[in-house]
Amino acid sequence: MSKGRILTRARLVALFVVLSFSGGCLSRDPKSRSSTKVKNQEIRADASLYNMSAPIVPDPKLTPGDTLDVTKDDICTSGYSRKVRDVPQSVKEKVYSLYGISGRQPGEYEVDHLISLELGGSNSIKNLWPESYKTKPWNAYEKDKVENKLHKMICNGQIELKDAQREIATDWMAAFDKYIGNKSTPGADADDEQTGPVVGNKRSHIYHRPGCPDYDRVAKKNRVEFKDAAEAEVAGYTLAGNCD
Amino acid sequence: MAANKKLTKILQGRTVEKVAEMDKRLTVEFHDGSKLTVKIGDGETSGTPVGLTVKGIRQKDTTLNLDFTDGSVLAVPLAEETSSVMLRDANGTLEYAD
């Protein structure tokens, strides 16, 4: 079976798992009112993924990806992401509007960069999309993992910046399969690093994942929590050396 | 028009040495060798700030204003609300991007 067919099958598995979890939220998008309709269009599964109200891949017309004029040296400098301005709320609202998301719950979506800041992505609306935290198995937490992995690979000289940008913009799930491990079956990466809150130290700008040796040793006055490693890194924090 | 605190904090006190516009890009060079590059959109860039010192930066939608200590303003039409402004120091190190 060709790689393309394997990937398509993986997408179909992901699609059906997402449909089974997403329930009524499909009704918010007129393009995908009926899960039955989507199931009957298996051949167009890839296109359907970004037509759902909880898109797990961006619409390539709305979000083709965009990069800043930066180099490997720029992005591999500690604190790089802190130099990039936060996306204004007005721009985030435009992104939700473009994707037809009129109502949302706190913690349901992240207006995410298709090409992440740490990979040289820009804040252009062409690089932003509403990514779900809730869909399974693919969601914002999973994308964070491949972003972090690619960032490390760039800085270690294992992949060119432009290649990493192209791969994540083209198909971030394929990039996940390629660099993290095959995720066609939900839970395939169960041994991956834990997700969830990480703890940072305001003074040292070092962060610790759950399970790391010093996770509980950060003094209360210096302690700051992030929802995950990606958020800590965007804030300019670096993973503790004893936490790899 | 809201203050861009992040960029204001960096640029405040720097004096403009040169302004150039080419290929839809405005470049503002400062006396310390730093360089602000702005992707510009349609519209006129108003103001000739050479020799003036930055007091603050404000932005609303696709208009970026550089306010100077003498009260004058350089108003720049941006290509996009985000992803249009970049600042590097004299060594080429990135100081700011939006």
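Trainee: Which residues touch the most other members of the largest nonpolar core?

Mentor: In this predicted model, A:Leu150 and A:Trp172 do, within a core of 38 residues. Helix 8 of chain A gives the largest share of this core, five residues.

Trainee: What makes A:Ile56 and A:Glu142 contacts of A:Trp172?

Mentor: The cut-off is heavy atoms within 4.5 Å. Leaving aside neighbours within four places in sequence, A:Trp172 is in contact with residues including A:Ile56, A:Glu142, A:Trp129 and A:Val146.

Trainee: Why is helix 7 of chain A called oblique to helix 8 of chain A?

Mentor: Good one! Their axes come within 5 Å and cross at roughly 120°. The perpendicular range runs from 65 to 115 degrees and antiparallel starts over 145, so helix 7 of chain A counts as oblique to helix 8 of chain A.

Trainee: And which residues make that contact?

Mentor: Helix 7 of chain A brings A:Glu167, A:Ile168 and A:Thr170, while helix 8 of chain A brings A:Trp172, A:Ala175, A:Lys178 and A:Tyr179. They divide into four nonpolar, one polar and two charged.

Trainee: Over in chain B, what makes strand 1 and strand 7 edge strands?

Mentor: The open sheet has the order 1-5-6-7, with antiparallel pairing. Strand 1 (2-3) and strand 7 (73-77) of chain B each have a single partner strand, so one side of each lacks a neighbour in the sheet.

Trainee: How do you know that strand 6 and strand 7 of chain B pair?

Mentor: Pairing needs at least two bridges, and these strands have five, in the antiparallel sense. For B:Leu66, the bridge partner in strand 7 of chain B is B:Leu74.

Notes: Residues numbered from 1 in each chain as written. Chains lettered and ligands numbered in written order. Predicted model: local features only at pLDDT ≥ 70, side-chain atom pairs only at ≥ 80, totals over all residues. Heavy atoms only, no water. Core = buried A, V, L, I, M, F, W, Y, C linked by side-chain atoms within 4.5 Å. Buried < 20%, exposed > 50% of the residue type's maximum accessible area, 1.4 Å probe, protein only. Helix = DSSP H or I, 4+ residues; strand = E, 2+ residues; numbered from the N terminus. Axes fitted to C-alpha atoms, helices over the stretch in contact; angles between N-to-C directions. Parallel < 35°, antiparallel > 145°, perpendicular 65-115°, else oblique. Nonpolar A, V, L, I, M, F, W, Y, C, P; charged D, E, K, R; others polar.
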